[in-house]
Amino acid sequence: MRAHVITYGCQMNEYDTHTIQSELVSGGHQIVDHPDDADLLLLNTCAVRGKPVEKVVTVLGELRKERQAGRDLKIGMMGCLAQLEEGQDIARKFEVDLLLGPGAITDIVPSVEALEQGETGIERLEFREDLDTLIPPAPNALTGFLTIMRGCDHNCTYCIVPTTRGPEVSRPVESILAEAEAMRDAGVQEIMLLGQNVNSYGLKDDGLPSFAELLRLVAQVGIPRVKFTTSHPMNFTSDVIDVIAEEPNVCDYIHLPVQSGSDRVLKRMAREYRRERYLDIIREIRAKVENVVISTDIIVGFPGETEEDFEQTLTLFDEVQYEHAYMFIYSARPGTPSAKHFEDMPRKVKTDRLQRLIEKQKGYALDANRRWMGRTARVLVREIQSEGDYAMGHSDQNHTVLIPKSQVNRLGLHEVVVEHATPHTLYGRLAGVEPQAVPLAMAR
Ligand code: SAH
Ligand code: SF4
Ligand code: F3S
């Protein structure tokens with residue numbers, strides 16, 4: 001069949017999309033670049049908040065109209081929503097032909113064969129433990145995603161992920177290293193190790209290295225830049241910080257979700273650490289890793305969050321001075337403990353708090369970015385804009401960096417002198433290029 005995959009959600013889903021695509025190609029199918037050219041459309045869905053679910057419903061509504069108008073199209077729902085009753089109800093309503101859970105993606109080829117034979121309403125929702133597919137790197141990719149573990153053993157009361165992705169399963173170290181080596185040999189410049197809680201890699205299995213040991217092994221494969229996400233504060237141990245400090249190619253960027261600055265809220269969220277423990281980790285990171293950039297995830301307006309609780313989140317931001325933060329409004333997910341047991345708070349309170357936090361965060365982001373002015377960053381240029389004036393890339397500290405495209409003649413790693421900073425972006429010139437009287441970013 002001619003298949004097209006639309007991906008929502010996080011990097012886990014992107015990795016799964018890549019796996020599905022390679023499996024389909026090995027199975028004799030074709031991947032098409034445009035959804036209009038497909039006779040099988042796969043939606044790789046996300047269910048972490050209400051919004052990504054609404055998006056999928058909108059797309060399914062449009063596809064239903066196209067099918068009613070006579071388009072011969074099979075529709076598959078994969079990803080996290082497919083695993084939930086909520087998603088299965090939606091799938092029934094829109095007559096989705098195939099439901100493929102995140103634990104069953106390697107069933108894609110037999111499922112498509114069944115579709116070709118006219119079967120519909122196919123469901124493959126079991127969690128397979130042998131999901132250890134070795135996938136070839138995407139052609140010409142600068143960045144390679146590499147899943148080191150699946151699932152989540154935590155039970156944060158707001159979160160749907162443990163239901164959608166099942167229990168934690170760590171991948172064998174040999175296949176992780178083999179995949180990393182294949183990426184290196186294919187010219188990948190940056191590798192991203194993926195898991196819901198990378199720090200608990202190997203904890204349940206005898207014979208597997210710890211995450212710190214694994215990170216060092218992957219660093220030594222020799223890819224110029226190694227990143228990882230997501231870290232959970234609970235198992236973020238000193239030996240991980242030491243590897244980041246010691247291995248030059250492990251990137252100086254740490255995403256450490258805190259969710260709330262209030263111990264009372266953390267407790268109700270069932271996060272297993274408290275504010276002071278989290279701050280200890282941050283202090284150790286800042287002391288050991290030079291130039292480090294730290295980002296976080298925050299949920300604003302968790303049920304029962306008082307003004308006082310929220311102020312604890314604000315003061316936490318003053319203490320940590322995050323360079324970057326992903327800030328979300330609490331979204332009640334059907335079936336989660338917090339949705340069952342606590343009442344949601346008024347939307348207006350939530351949006352006001354979010355706005356106040358965003359304002360505060362912006363100040364710290366700008367201060368941090370300004371400290372880079374005049375300094376040299378190593379930037380992986382990913383894109384040279386065809387319409388705009390810039391080439392775009394990311395620094396070793398994960399800043400978004402723009403460079404006048406007239407100076408850049410190839411993608412890949414470049415040394416860049418930072419000339420100008422905004423809260424979300426650094427602007428610079430290639431090292432060795434004479435400064436212009438007025439840098440492009442300031443001329444406009
Ligand atoms: N495993 C990661 C997070 C995965 S989900 C971790 O524990 O850090 C990504 C982020 O979505 C979470 O960190 C959280 O901030 C947010 N999130 C999860 N469930 C949510 C909900 N019900 N409402 C709002 N945000 C949510
Ligand atoms: Fe969700 Fe918590 Fe697991 Fe992260 S650690 S995926 S927030 S349950
Ligand atoms: Fe969404 Fe599933 Fe990722 S719910 S955020 S796609 S793990």
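Which residues does Arg268 touch, not counting residues up to four places away in sequence? Arg268 touches Thr157, Phe302, Pro303, Gly304 and Phe342, where contact means heavy atoms within 4.5 Å.

## Basis of the model

This is a predicted model, in which local features need pLDDT of at least 70, side-chain atom pairs count only at pLDDT 80 or more, and totals for chains, interfaces and linings use all residues. Residues are numbered from 1 along each chain as its sequence is written, chains are lettered from A and ligands numbered from 1 in the order in which they are written, and side-chain values use heavy atoms, with hydrogens and water left out.

## Domains

The chain is assigned domain 1 (2–124), domain 2 (143–370) and domain 3 (376–443); these bounds come from an automatic or database domain assignment. The C-alpha centres of domain 1 and domain 3 are 37 Å apart.

## Surroundings of Arg268

Arg268 is part of helix α9 (residues 263–269). Helices (H or I, at least four residues) and strands (E, at least two) are DSSP runs, numbered from the N terminus. Thr157, one of the contacts of Arg268, is 111 residues away from Arg268 in sequence, yet the two C-alpha atoms are 7.3 Å apart in space.

Arg268 counts as partly exposed because its relative accessibility is 26%. On this scale, buried means under 20% relative accessible area, exposed over 50%, and partly exposed in between (1.4 Å probe, protein chains only).

## Ligand shells

Around ligand 2 stand Cys152, His154, Cys156, Tyr158, Cys159, Val161, Pro162, Gln196, Asn197, His232 and Arg271; a residue is near a molecule if one of its heavy atoms lies within 4 Å of it. This shell has six nonpolar, four polar and one charged residues. In this classification, Ala, Val, Leu, Ile, Met, Phe, Trp, Tyr, Cys and Pro count as nonpolar, Asp, Glu, Lys and Arg as charged, and the others, Gly among them, as polar.

The residues surrounding ligand 3 are Cys10, Asn13, Cys46, Ala47, Val48, Cys80, Arg165 and Gln196. By class, five are nonpolar, two polar and one charged. Gln196 is listed in the shell of ligand 2 and also in that of ligand 3.

## Cysteines

The structure holds zero disulfides, a disulfide being a pair of cysteine sulfur atoms within 2.5 Å. Cys80, from the shell of ligand 3, is buried because its relative accessible area is 10%. Cys152, from the shell of ligand 2, is buried because its relative accessible area is 12%.

## Nonpolar cores

The largest nonpolar core holds 55 residues, of which Ile148, Phe211, Leu215, Phe236 and Ile285 touch the most other members. Such a core is a set of buried Ala, Val, Leu, Ile, Met, Phe, Trp, Tyr and Cys residues joined through side-chain atoms within 4.5 Å. Helix α7 (residues 211–219) supplies the largest share of this core, six residues. A second, separate core of 26 residues includes Leu41, Leu63, Cys80 and Leu99.

Beyond residues up to four places away in sequence, Ile148 touches Val169, Ser170, Arg171, Ile176, Leu193, Leu194, Val198, Tyr201, Phe211 and Leu214.

Ile75 belongs to strand β4 (residues 74–79) and counts as buried because its relative accessibility is 1%. Apart from neighbours within four places in sequence, Ile75 is in contact with Leu40, Leu41, Leu60, Leu63, Arg67, Val96, Asp97 and Leu98. The C-alpha atoms of Ile75 and Leu98 are separated by 6.6 Å, with the two residues 23 apart along the chain.

Thr425 is found in strand β19 (residues 425–430) and counts as buried, because its relative accessibility is 15%. When residues up to four places away in sequence are not counted, Thr425 touches Asn369, Thr400, Leu402 and His420.

## Backbone features in loops

Thr229 and Thr230 are joined by a cis peptide bond with omega of about 5°. Thr230 lies in the loop between β11 (225–229) and α8 (238–246).

Glu95 is not a glycine but has a positive phi of about 55°. It is placed in the loop between α3 (85–93) and β5 (98–100), and it counts as exposed because its relative accessibility is 59%. Asn398, in the loop between β16 (390–395) and β17 (400–404), also has a positive phi, near 75°. Asn398 counts as partly exposed because its relative accessibility is 23%.
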